Amino acid sequence: MNIKYKKALNMIREGDVLLYKSKSTIGWIIGKATESQYSHVAVASKHNGYFECVEFREGKGGRSVNLKNEVDLHSNNIDVYRPIPYIYKYNFKNNKIRLKVKKLNQKHVTNCMRSLTGLPYGWKRIWWIAKHKLAGFRLFFKMKDLTNDGNGSIVYPICSSACAWAFSQSGFDLVANKGDNWTTPGDIARSPLLSYLFTLEK
């Protein structure tokens, strides 16, 4: 459902996930590779009375930009997803099973995203994920933590790995049984911890 940005302002919340549909060739390739319609992911955050889009953008790196300007540029292509406020998990300890409740701290999520702003975009991480997607490479490619390339060179985040990491820091694993470093926009869109609300229109 499309909603004008001016009307949506009263409904957007801190920590809402913004998933972008792209009509560009690169966006189409990313969507196909991740088996979804999405090519980019960001997080909404309110700062000084204005909503911002905190993201990792190719060619730009980690940054925070005015959300209204983003909607003007990508009208009808930004879907808003709302994280569920609580998660429930069973825990087995001392021969007892207990149900634990965890509340999401949305501000902590966006603060984690903001802590990454200024870092360069992780093109090397894109290449590593792409290699893993190729069946032939999987036989020889280890599922290791993508902190560096083995030579001490840092592998910086991409949009989806940054978003997944920010939520994980608050105890919310958006994509269960998959490392944050390997998470794609399609994975985040399919997360059972998120619900689609509406699409932003200028």
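Two aromatic pairs turn up in this structure, where rings of Phe, Tyr and Trp (its six-membered ring) pair if their centres lie within 6.5 Å, and planes under 30 degrees apart count as stacked, over 60 as edge-to-face and the rest as tilted. Keep in mind that this is a predicted model, in which local features need pLDDT of at least 70 and side-chain atom pairs count only at pLDDT 80 or more, while totals for chains, interfaces and linings use all residues. Residues are numbered from 1 along each chain as its sequence is written, and side-chain values use heavy atoms, with hydrogens and water left out.

Start with Tyr 38 and Tyr 81, which sit edge-to-face at 6.1 Å centre to centre, with 80° between the planes. Tyr 38 is in strand E3 and Tyr 81 in strand E6, 43 residues apart; strands here are DSSP runs of at least two residues, numbered from the N terminus. Both Tyr 38 and Tyr 81 are buried, meaning under 20% relative accessible area, with exposed over 50% and partly exposed in between (1.4 Å probe, protein chains only).

Now follow Tyr 81 to its other partner: Tyr 81 and Tyr 196 are also edge-to-face, at 5.7 Å centre to centre and 70° between the planes. Tyr 196 lies in strand E9, so this pair ties together parts that are 115 residues apart in sequence. Tyr 81 counts as buried because its relative accessibility is 9%, whereas Tyr 196, at 34%, counts as partly exposed. Put together, ring pairs join Tyr 38, Tyr 81 and Tyr 196 into a cluster.

Methods: Helices (H or I, at least four residues) and strands (E, at least two) are DSSP runs, numbered from the N terminus.
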